[in-house]
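Please read the following points with the sequence and the structure open beside you. They are set out by topic, so that each can be checked against the atoms in turn.

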Amino acid sequence: MKDISVTIPIREYGYDELTAEDRLLVDKAREASRRAYAPYSHFSVGAAILLDNGAIITGSNQENAAFPSGLCAERTTAFYAHSAHPESRFRAVAIAANGTDGNEIADPVAPCGACRQVLLEYEKLAGDDVRVILVGRDKIYILPSVRSTLPLAFSEF
């Protein structure tokens, strides 16, 4: 038997420590979270994806009474970004959420497994790392790549 350890590099920042580009992406994800349709979970998530052409595409979770017909913010945003800009490649994604009380969550929230897998596909398409910015009210985590969120991913990498 052999033990294998997997570590994930995460840097923690305060909002004021971010670059102007990252602050803009965080702000866009926060704005998008306020446009979520979440009448069942009352957990509103927003995502913002920076493309290599400079465009920032945003989206939010969209729920449906016929669960699981809704869609998470990350997938809503990723699918729209690639549909609207098929020649562009993802460079970064920011994800922000509001809890059931309607306020921004204190700690960053990570994408679900399905969203990680979808974002990994677009990272593969980009041919380069796509930075992941996980936003909380009190702190912000930056991960170097989508792959770092899913180290044992189902992938052809």
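**Notes on the predicted model**

1. A search of the whole structure for aromatic pairs finds 1. The pair is formed by F90 and Y122, which are stacked, at 4.7 Å centre to centre and with 15° between the planes. Because F90 lies in strand β4 (residues 90-98) and Y122 in helix α3 (residues 113-126), the pair ties together parts that are 32 residues apart in sequence. F90 counts as buried at 4% relative accessibility, and Y122 likewise counts as buried, at 13%.

2. Strand β5 (residues 131-135) has 4 of its 5 residues buried, and is therefore largely enclosed by the rest of the structure. On one side of the pairing scheme, β4 and β5 run parallel and are joined by 4 bridges, with A94 having I133 in β5 as its bridge partner. The chain passes from β4 through α3 to β5, and this β-α-β crossover is right-handed.

3. Strand β5 is also joined by 4 bridges to strand β6 (residues 140-143), and these two run antiparallel. Here V135 stands opposite I140 in β6, and a hairpin connects β5 to β6 through 4 residues.

4. The count of salt bridges comes to 5. In one of them the side chains of E104 and R30 meet, at 2.7 Å from N to O; this pair links distant parts of the chain, since E104 is in the loop between β4 and α3 and R30 is in helix α1 (residues 20-33), 74 residues apart. R30 is buried, with a relative accessible area of 17%.

5. Another salt bridge joins R91 to D52, with the closest N and O atoms 3.8 Å apart. R91 belongs to strand β4 and D52 to the loop between β2 (44-51) and β3 (56-60), 39 residues apart. R91 counts as partly exposed at 29% relative accessibility, and D52 is also partly exposed, with a relative accessible area of 39%.

6. D107 forms a salt bridge with K139, the closest N and O atoms being 3.3 Å apart. Because D107 lies in the loop between β4 and α3 and K139 in the loop between β5 and β6, the pair ties together parts 32 residues apart in sequence. D107 counts as partly exposed, at 42% relative accessibility.

Terms used
Residues numbered from 1 in each chain as written. Predicted model: local features only at pLDDT ≥ 70, side-chain atom pairs only at ≥ 80, totals over all residues. Heavy atoms only, no water. Phe/Tyr/Trp six-rings, centres within 6.5 Å; stacked < 30°, edge-to-face > 60°. Buried < 20%, exposed > 50% of the residue type's maximum accessible area, 1.4 Å probe, protein only. Pairing = 2+ DSSP bridges. Right-handed = clockwise from strand over helix to strand, strands pointing away. Salt bridge = Lys/Arg side-chain N within 4 Å of Asp/Glu carboxyl O.
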